[in-house]
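Student: I'd like to learn how to read a structure like this one. Can you walk me through it, a feature at a time?

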Amino acid sequence: MLELTLDRLTKRYHNKIALDQVSTEFTQGVYGLLGANGAGKTTMLRLLCDILDPTEGEVLCNGTPIRRLGGEYRRLLGYLPQDFGYYPDFTALRYLRYIAALKALPPQTARDKVEECICLTGLKGEEKQKIRTYSGGMLRRLGVAQALLNDPRILIMDEPTSGLDPRERIRFRNIISSLSRDRIIILSTHIVSDVEYIADEILLLRAGQLIQKGTVTEVAEQVKGRVWECMVSPAEAEELGQKYAVANLKNLAGMVKVRIVSDEKPIPQAEEAEPALEDVYLYYFDQAGPQKRQTYGENPYERKENVDVSDRAL
Amino acid sequence: MKRGRNIEPWLKKEWIAEQKIYRIDPDKKEKAMAEIRAEAKEQVLWYQPGLPEIMAGQLQYLSAGYWILQGALLAVMLAVMYWMNRNAEDAMACMAAGSAFAAFAGVTGIQELGRSMAYHMTELEQTFYLNIKQMLALRMILFAGMDLLFLTVLAILTRQGTDWGIGELCIYLLVPFAASHIVYFSVLTLVKNRRARYIQTGAAILSVVISMMPAMVQEAYRTASVPVWTGILVCMLAVLGIQIRTLLQKAAKGELLCWN
């Protein structure tokens, strides 16, 4: 069984630490990498894909550093970057054949896989059009198709659903779910619903540090007792919004139903609610003023040694 | 001996009788075959494309623009040099034209080399079996081969209009060629978007203008100047070598590839 290990992985750019001593393992299944912009998700994925050199630590595939494996590791890899590039004058068919050639697929296999991936991603009938004519959703599907060409054992996707409408998102989720057997799939996103239903494990990244790892239930359990719901007047709702992290606001017959994420009960009539993954995201990544940071604890940007990722690192 | 011959059939019969008849157990056989199949399935057979196949693949997917530009450049070069050989009275004019074409020769290859960067493909291409460093190296070898062919034709045509030996002429043409490539490699990673083509074309035009300047000085092409030209060429090739090495090292490290 394939295993990817991150061993004290660190990436430093001049004065900025993009990834800070991250250690974890990936085995078969779907992993959702959640974090705000600038958390280090893309850096971590690039290190996993051997695009960047780590400053410290290493990435191991079945115990062997991926730098040493080189092309043999990259054969196992399928990658969809956040900034997906393409040659606009190519048709989708030519583009996929080009990628298949670079992935060292045998010619007959390349033809078959290109056809298969075109069908899988719903691009049948559009494959002979120039890529420059494609919509955002079609481009993303093309990106997914190229990532799947070599039947990768490790599939890494960075913000795969950005810019997609709900229908495309659902289609994407279904594709990923159908592929998750016998593979390591790592999806990076800041859209919680993309991973909530399909991820076997969630990893929360903040300021380059891995602060939580576990199933959706385990991770949500960390904020149990910190999610509240209450019905208030619109003026009160506005007041609460200024003081606390508001997960949801809904107008109901002149009143407002407010869902708040906070260590303390915001108002006496607030009731504890069952936490969802979105609440977890808000709890860890809400970047409002110093009052709220104090509610959560220490300065989250302070570098810590030997952080136990099972605890809330605040 | 007859006795030996008589014993043999008897021994054979005894021997056959003593042999146990081995019956194949179908269950054991199926189990063994299933294990073999499972082991065989676990074996991963990787397809290893050979260098000719990789090169053919690289050639196949070069942009149409590259071939059109290269063809157009060749056609213009043939036409201009043919006309100059017939009509130009001064060998220096032929030399100036030859130098200009030598300086311009590499710009199509450089633009093709920078195509990955222009279209945000480098990050993705780094994750393939052939990574960016290997692809850049392969493409540089391909383009160098094509440029050398181009320069060979240019040298033959320029020689027809001048009195220099072929060796001397090659040095005079290689200097502007190398100099222009130093400029091209300097601007290759300056801008990582589609505007890069305009910068590279601008650099090419500048290189062409500068390459024609030695032709204004008659003494520059005297035989006594050949060692100076040779020295300049060696220095330029060294600089070019360092630039290529730095580019490939940057590609391996990754910061060259990523946009953010």
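Tutor: Happy to. Keep in mind that this is a predicted model. Let's begin with the cysteines.

Student: How many disulfides does the structure hold over all chains?

Tutor: The general idea is that a disulfide is a covalent bond between the sulfur atoms of two cysteines. Here the count over all chains is 0. Take A:Cys117: the nearest cysteine sulfur belongs to A:Cys119 and sits 9.3 Å away. A:Cys119, likewise in no disulfide, has the sulfur of A:Cys117 as its nearest, at 9.3 Å. A disulfide needs the two sulfurs within 2.5 Å.

Student: Is A:Cys117 buried or exposed?

Tutor: Buried, with a relative accessible area of 2%. A:Cys119 is partly exposed, at 44% relative accessibility.

Student: Next, the core. Which residues have the most contacts inside the largest nonpolar core?

Tutor: As background, nonpolar side chains in soluble globular proteins tend to be buried together. In this model the largest nonpolar core has 159 residues, and A:Phe26 and A:Tyr95 have the most contacts inside it. Helix H9 of chain B, residues 132-160, gives this core its largest share, 13 residues.

Student: And which residues is A:Tyr95 in contact with, sequence neighbours within four places aside?

Tutor: In chain A, its partners include A:Phe84, A:Tyr86, A:Phe90, A:Ile131 and A:Leu142. From chain B, B:Met121 and B:Leu124 are in contact with A:Tyr95 too. There is also another core, apart from the largest one, with 11 residues, among them A:Val232, A:Ala237, A:Leu240 and A:Ile260.

Student: Let's turn to the interface. How many residues does the contact take from chain B and from chain A?

Tutor: Chain B gives 35 residues and chain A gives 39 residues. To read an interface, look at the area as well: the two chains bury about 3,200 Å² between them, with 56% of it on carbon and sulfur atoms. On the chain B side, B:Tyr61, B:Glu123 and B:Tyr129 supply 22% of the area buried against chain A, more than any other three residues.

Student: How many salt bridges does the rule find across the interface of chain B and chain A?

Tutor: It finds 2. One salt bridge joins B:Arg115 and A:Asp89, whose closest N and O atoms are 3.6 Å apart. Polar contacts are counted separately: 12 residue pairs between chain B and chain A, both residues at pLDDT 80 or more. As for elements, those giving two or more residues to the side of chain B that touches chain A include helix H3 (51-60), helix H8 (122-125) and helix H12 (226-253) of chain B.

How values were computed. Residues numbered from 1 in each chain as written. Chains lettered and ligands numbered in written order. Predicted model: local features only at pLDDT ≥ 70, side-chain atom pairs only at ≥ 80, totals over all residues. Heavy atoms only, no water. Buried < 20%, exposed > 50% of the residue type's maximum accessible area, 1.4 Å probe, protein only. Core = buried A, V, L, I, M, F, W, Y, C linked by side-chain atoms within 4.5 Å. Helix = DSSP H or I, 4+ residues; strand = E, 2+ residues; numbered from the N terminus. Contact = heavy atoms within 4.5 Å. Buried area = accessible area lost by both parts, 1.4 Å probe. Salt bridge = Lys/Arg side-chain N within 4 Å of Asp/Glu carboxyl O. Polar contact = N/O pair within 3.5 Å; in protein donor to acceptor, adjacent residues only side chain to side chain.
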